[in-house]
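These are my notebook entries on a structure that I examined step by step. I began with the chain as a whole and then turned to a helix and to the aromatic rings.

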Amino acid sequence: MFSCLTRRLLLLTLACIGSILICTKFAVQCTSSSLISLMPLTCHLHLRSTQEKTHVPKEYIFIGGAFVLTLAFLSGVGTGTLCSVIGFIFPAIKSFAAMESHASNEVTQWLVYWVVYSFFSVIEIFAETLLYWIPFYYRFKLGFLIWAMLPQTRGAKYLYDNFLKDLLKKSESKIDAALKDAKSTAGKGDNGNKKDE
């Protein structure tokens, strides 16, 4: 009656709904100080004002929002934007914090992440039409970005040490020549002469 893909999607949906129900039960049992205290202060203020306006406990508002975001992510709505936000904004904040704390290990970790992120972003630009046809691409990309950025997994460092470092060292002279050529081309005007400064 159902195709194999339909069965898998149905099982995935049921598993997600089950996990949401378990999380909902857990979240309702948690106090606001333990569950919602992990969020930034602005989120607390928005939840509190929404709770006052709607007379709905902020735990339920939080769970409802998480449920809507989960459904949107599973349906594919906004997954590209979500990948961009998670892959760019969170690491940018962490990079800034690492630079301000002057912790060389953290700075190195985030520099490596940005090298890996840049490399895959360039590849993604050229392979965009092919990637469009891969089902759940943005979900895989989100998992990859999280794996690459988390300090527990250090995925970006693994990729850099095992693959990118050798590739970039071999291509360093070609990359430098291309950058020099691009710089000289950008310095010329429409008629081939140097731009007036």
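**Entry 1: the chain as a whole**

What percentage of the 197 residues of the protein chain count as buried? I looked this up in the model, which is predicted, and found that 20% of the residues count as buried.

Next I listed the elements. The protein chain has 10 helices and zero strands. I also looked up contacts with a separation of 6 or more, and 54% of them join residues 24 or more positions apart.

**Entry 2: helix α4**

I checked the length of helix α4, which covers residues 58–75. At 1.5 Å a residue, its 18 residues should span 26 Å, and the end C-alpha atoms are 26 Å apart, so the two values agree.

Which residues of α4 are buried? I noted Lys58, Glu59, Ile63 and Phe73. They cover an arc of only 140 degrees around the axis, which means that they lie on the same side of α4. On the face turned away from this buried side, I found the exposed residues Val68 and Ser75. Gly76 follows α4, and its phi is positive, near 95 degrees.

**Entry 3: aromatic pairs**

I then turned to the rings. A pair of aromatic rings is described by the distance of the centres and the angle of the planes. How many aromatic pairs does the structure hold? I found 12 aromatic pairs.

Why is the pair of Trp110 and Tyr113 edge-to-face? The ring centres of Trp110 and Tyr113 are 5.7 Å apart and the planes stand at 75 degrees; planes over 60 degrees apart count as edge-to-face. Both Trp110 and Tyr113 lie in helix α6 (residues 104–126), three residues apart, about one turn of the helix. An α-helix has 3.6 residues a turn, so residues three or four places apart point the same way. Trp110 and Tyr113 are both buried.

For comparison, I looked up Phe144 and Trp147. Their ring centres are 6.0 Å apart and their planes are at 40 degrees, so this pair is tilted. Phe144 and Trp147 both lie in helix α8 (residues 137–149), three residues apart. Phe144 is partly exposed, with a relative accessible area of 25%, and Trp147 is partly exposed at 32% relative accessibility.

Finally, I recorded a cluster that ring pairs link together: Phe88, Phe90, Trp110, Tyr113, Trp114 and Tyr117.

Methods: Residues numbered from 1 in each chain as written. Predicted model: local features only at pLDDT ≥ 70, side-chain atom pairs only at ≥ 80, totals over all residues. Heavy atoms only, no water. Phe/Tyr/Trp six-rings, centres within 6.5 Å; stacked < 30°, edge-to-face > 60°. Helix = DSSP H or I, 4+ residues; strand = E, 2+ residues; numbered from the N terminus. Buried < 20%, exposed > 50% of the residue type's maximum accessible area, 1.4 Å probe, protein only. Contact = heavy atoms within 4.5 Å. Expected span 1.5 Å × (residues − 1). Arc of directions from axis to C-beta.
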